[in-house]
Amino acid sequence: MHLVPADRAGHRTIDGHRVCEAIAAIGDTEHVRSWAERFSLLADPGRLALLLALHRAGPLAVSDLAVATGMRDPAVSQALRLLRTAGLVTGDKDGRVVRYRLVDDGMRPLLDECAAADHEEPTAAAG
């Protein structure tokens, strides 16, 4: 059990080789924490809707995102502020208009999967 940290080396295990595989799968704790923070951003329906809109439609202004998502402008601005701080989106200023776009490439596969699941045909109920 070469991957078990010293502070856990004395703990009893059932399948030591699987414990090592699990530790290897978990990897760096900072990486896990970073993804957990990303997932927490996705846990809010409004923020997820904004990310899906930006992922599929490209750069959009706050007012356009508000119309697309059904959110109010201040709520969109607040959510975008969180997403921008987390490094998921950025705003590009064009005169007085700021258009936001997705910049975190790691989120694209997750958003693709989310969008694909939303557009799948529902299965027919047995009848």
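This is a predicted model: local features need pLDDT of at least 70, side-chain atom pairs count only at pLDDT 80 or more; totals for chains, interfaces and linings use all residues.
Residues are numbered from 1 along each chain as its sequence is written, and side-chain values use heavy atoms, with hydrogens and water left out. Local features need pLDDT of at least 70, side-chain atom pairs count only at pLDDT 80 or more, and totals for chains, interfaces and linings use all residues.

The axes of α5 and helix α4 (residues 62–69) come within 9 Å and cross at roughly 110°. Here, axes are lines fitted to C-alpha atoms, for helices over the stretch in contact, with angles from 0 to 180 degrees between N-to-C directions. α4 and α5 are therefore roughly perpendicular to each other (65 to 115 degrees). In contact terms (heavy atoms within 4.5 Å), Val-62, Ser-63, Leu-65, Ala-66 and Thr-69 of α4 meet Asp-73, Val-76, Ser-77 and Leu-80 of α5.

Helix α3 (residues 45–57) meets α5 too: their axes come within 10 Å and cross at roughly 75°, so these two are also roughly perpendicular. On the α3 side sit Arg-47, Leu-50, Leu-51 and Leu-54, against Val-76, Ala-79, Leu-80, Leu-82 and Leu-83 of α5.

Then there's the sheet. Three strands make up an open, antiparallel sheet in the order β1-β3-β2, where pairing takes at least two DSSP bridges between two strands. β1 (60–61) and β2 (89–94) are the edge strands, each pairing on one side only. Six bridges join β2 to β3 (residues 97–102), and Asp-94 has Val-97 in β3 as its bridge partner.

Technical notes: Helices (H or I, at least four residues) and strands (E, at least two) are DSSP runs, numbered from the N terminus. Angles under 35 degrees count as roughly parallel, over 145 as roughly antiparallel, 65 to 115 as roughly perpendicular and the rest as oblique.
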